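Try each task before you read its solution.

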Amino acid sequence: MINLLILPLLIPLVTATVLIFLTKSVGAQRVISVISTIGTLAASIVLLLTVKNEGIQTINVSSWEAPFGITLVSDMLSALLVTTTSLITLCVILYSFRSIGASRERFYYYSVIQFLLVGVNGAFTTGDIFNMFVFFEVMLMASYVLIVIGGTKIQLRESIKYILVNVISSALFVIAVALLYSVVGSLNMADISQRIAEIGQLPILTVIAVLFLIVFGLKGAIFPLYFWLPGSYYAPPVPVLALFGSLLTKVGVYSILRSYSLFFYHDQAFTHELLGILAIITVIIGGIGAIAYWDVKKIIIYNIIVAVGVLVYGISVATEESYKGMVFYTIHDMIIKAALFLLIGVMIKITGTSDLRKMGGLMKKYPLLGWTFLIAAFALAGIPPLSGFVGKLLIVRGGFAEGEYVSSLIVLLSSLVVLYSVIKIFMNGFWKAPKEYPGEDSQPVTFLWVPGAILVLTSILYGVGAEVMYPIISQATDALVNPTIYIDAVLKE
Amino acid sequence: MKTNDVILQTTSKVVFFMIVLFAIHLFFAGHYNPGGGFVGGLMTSGAIVLLLLAFDIKTVVKGFPIDYIILVGIGLLFAVGTAAGSLLFNIPFFTHAFGDVTLPVLGKTSLHTAMLFDTGVYLVVIGVTMTIIQTIGESE
């Protein structure tokens, strides 16, 4: 079926529309959104296998030939990311049943989550730069609603900042696309890449490259454009935070990866150098934040910034090995960040606070939760059999191979900082003397633990099965290292 | 003090139909002339807004007992349905079909499925505009 790669976008879109009619019945909303998200996940897995067996899948929407119409392209990288996104959304929806509260559920919560899924999956799948802008907006509009839904004071304050920053970055995105269009005269990403290769990377194209970096850096929170993230992500409830933390910044990173490996790879001395410097500062800033706070949400939020730094560093090295590591690490980080947010969400539910100094002794009563969190913490830091290891190993090895010793060492050392920050949560939250928390027995701890545990299990399998994943990851990096594969698949030459 | 706006109300009633007719004209002109679903929908909601200015929200709701959010949903279904129809024929998503059809009254007419998509846009635009205006108007 030639429309296979549209299904991960179409299923959530139809679901979101249908859910608009069912706002009164929360039960029906839950059933429909779970069934359809399972459907999305199944479709994306089928797509993944198809890409694995038959190579890059493309579809010319409306039957217009490649550079003239909108082309959707699903290579291994985007198929992997779409599958991961669908899995995470499924777990977050399950988690929401018992945590988000009926007042939010009645106000289009599940519908908006489906729209977010459309936006993220679309941004990963599209092969057209302006279409990518549109999917960014779909995703951002949904995230505006999710950040403000419920209408508490902190949410209102932070959503104003969040919307302001994103409106500005979206305007910059349009300006950057307009500039690029005025230079190369095309919006199809494969066609743009081909034309840039023909004319060489003129200075104006390097300027546009930096402009794109500013745009995607604002979305993906790299230094010095990360300033909005810690405050804004602190505001929404935990399931929304898990979605944001694992998906939204990764879309920014994916866009940097796509544009810097497909368009702007001719003048690496300037662009990739800049990327490398910013990445390292991002890692350091994130690390400082992760150590500094005693608030569980803040600690994990700063860990997002560390991970973004590591990923962008992988892009900046731009060798096959570092790309492999970067792709490996992206998927690991999406899964594990969602898992960590869901698990600390359970901790916050039990204790009624997110302040670490007021927690303690959870291990005695909730051993399963404790051990799951510990495994997730070790995976995040990258302790060998777990999933964070392979990705970081490849990134650092790529860095050393390029002779970038200092920055690679910083990336390595950042693991220690990350480990310290999450073990701090473990030691203060789960060890120490048990405390009494009012109302803890009424919380649905086991139910909330399950989605987090599913993600941790996925992460363990992903880490242990690195051998199985390796050829798939290699296939994903082929198109990054060698853009002609991508171009040939789209333009069919 | 209650003002007497009989002139405003009477002219609104007449002008309303003129605006709606113009909006429908714009909507159908979209394929060959400037116009289309977006501006048509905006103009239609403009006509309803004129009624809102001349009367009050309760009267207008009585005249148009429509839940505009449901209207957005219906519009989206139209748009997605038109695009997804191509899945049935196993041709690329969003591929349109068109042709000349001889209709009983209108005679030979060229029809295009883009029109169905435009209907979706039209309904969504009306729904969104009216939802925004009514929600702001009703909140204290």
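Predicted model: local features only at pLDDT ≥ 70, side-chain atom pairs only at ≥ 80, totals over all residues.

Residues are numbered from 1 along each chain as its sequence is written, chains are lettered from A and ligands numbered from 1 in the order in which they are written, and side-chain values use heavy atoms, with hydrogens and water left out.

**Exercise 1. Determine how H3(A) and H5(A) are oriented to each other, and which residues make their contact.**

Solution. Start with the elements: helices (H or I, at least four residues) and strands (E, at least two) are DSSP runs, numbered from the N terminus. In chain A, helix H3 covers residues 76-96 and helix H5 covers residues 109-125; their axes come within 9 Å and cross at roughly 170°. Here axes are lines fitted to C-alpha atoms, for helices over the stretch in contact, and angles run from 0 to 180 degrees between N-to-C directions.

Next, classify the angle: under 35 degrees counts as roughly parallel, over 145 as roughly antiparallel, 65 to 115 as roughly perpendicular and the rest as oblique. H3(A) and H5(A) are therefore roughly antiparallel.

Finally, list the contact (heavy atoms within 4.5 Å). H3(A) contributes residues including Leu81(A), Thr85(A) and Ile93(A), while those from H5(A) include Ile113(A), Leu117(A) and Phe124(A). The contact of H3(A) with H5(A) has nine nonpolar, eight polar and no charged residues. In this count Ala, Val, Leu, Ile, Met, Phe, Trp, Tyr, Cys and Pro are nonpolar, Asp, Glu, Lys and Arg are charged, and the others, Gly among them, are polar.

**Exercise 2. Describe how H3(A) packs with H14(A).**

Solution. Helix H14 of chain A spans residues 320-351, and its axis lies 10 Å from that of H3(A) at an angle of about 5°. That makes H3(A) roughly parallel to H14(A). Among the residues that meet are Leu77(A), Leu81(A) and Ile88(A) in H3(A), with Ile331(A), Met334(A) and Leu342(A) in H14(A). By class, this contact has 12 nonpolar, four polar and no charged residues.

**Exercise 3. Are H12(A) and H18(A) roughly parallel or roughly antiparallel?**

Solution. The axes of helix H12 (residues 268-292) and helix H18 (residues 405-430) of chain A come within 9 Å and cross at roughly 20°. The pair is therefore roughly parallel, and H12(A) passes H18(A) in a left-handed crossing. Ile280(A), Val283(A) and Gly287(A) are among the H12(A) residues in the contact, and Ile410(A), Tyr420(A) and Lys424(A) among those of H18(A). The contact divides into nine nonpolar, four polar and one charged.

**Exercise 4. Work out which elements line the largest pocket, and what class its residues belong to.**

Solution. The largest pocket holds about 950 Å³ of space. Of its 29 lining residues, Leu13(A), Val134(A), Phe135(A), Val138(A) and Leu76(B) are the closest to its centre. Two or more residues each come from helix H1 (7-20), H5 and helix H6 (129-148) of chain A, and from helix H4 (68-88) and helix H5 (114-138) of chain B. H6(A) gives the largest share, eight residues. By class, the lining has 26 nonpolar, two polar and one charged.

On a 1 Å grid over the protein atoms alone, a pocket is an open set of points with protein on both sides within 12 Å along at least five of seven lines, whereas a cavity is a set where a 1.4 Å probe fits but cannot get out; lining residues have an atom within 4 Å of a point. Grid points are joined across faces, edges and corners, and a volume is the space filled by probe spheres set on the points.

Note on methods
Left-handed = near helix turned anticlockwise from the far one by under 90°.
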